[in-house]
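Colleague: Please take a close look at a single part of this model. Tell me how it sits in its surroundings.

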Amino acid sequence: MLVALVEPEIPPNTGNIARLCAAFDVELHLIEPLGFKLENRYLKRAGLDYWPHVKLSVWPNFRAFLNRPKRPGDERLVITSAKRAGCAPLQDFAFTRHDAIVLGAETRGLPEDIFALSPHRLRIPIRNMRAGGVRSLNLSTACGIILFQGLAACKLLPDS
């Protein structure tokens, strides 16, 4: 399992996700353009001293990410969206151990051409999504929820 962030914009979100990936020994792929420099102090602060443990790759665009050398097994793109139709609720989604969880930019989500690449789509159901309620979750929070659910479903969590 891996996490891919497409054009992330907010350094602390990416830093928190990097820390999450380090904690669970999951690869983190950043797809440019990034809304910040990797040397950003807020990015580094959110990731604390865990950066040496992050399996980080940066790609100039989504096509380069797709064309990278892959691990053994059939990798599946798992597309996420807070608002688009046709996304399975997270609790009903069937994860595999070779899933690439793809999340879009904080303010825009995923572009339509990337969203259309995979039929494997999910969303986190939000109880209070009515007008005036919560529009979406913070990117790092959403990533944590999705990644943990995927790892648990595939029995990839550590015992201790």
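Modeller: Two strands pair if DSSP finds at least two bridges between them. Strands are DSSP runs (E, at least two residues) and helices likewise (H or I, at least four), numbered from the N terminus. The model is predicted, so to speak of local features pLDDT must be at least 70, while side-chain atom pairs count only at 80 or more and totals for chains, interfaces and linings use all residues. Residues are numbered from 1 along each chain as its sequence is written, and side-chain values use heavy atoms, without hydrogens or water.

Take helix α5, residues 139–153.

Now burial: under 20% relative accessible area is buried, over 50% exposed, in between partly exposed (1.4 Å probe, protein chains only). In α5, Leu139, Ser140, Ala142, Cys143, Gly144, Ile146, Leu147, Gly150 and Leu151 are buried. They pack (contact: heavy atoms within 4.5 Å) against β1 (2–6), α1 (11–24), β4 (76–80), β6 (99–103) and β7 (121–123). Isoleucine 145 also belongs to α5. Its relative accessibility is 35%, so isoleucine 145 counts as partly exposed. Just after the helix, lysine 155 takes a positive phi of about 55°.

Follow β1 onward. This strand, part of the α5 packing, runs parallel to β2, joined by five bridges. Leucine 2 has glutamate 27 of β2 as its bridge partner. Strand β2 covers residues 27–31. Four of its five residues are buried, so β2 is largely enclosed by the rest of the structure.

Terms used: The expected span of a helix is 1.5 Å times one less than its number of residues.
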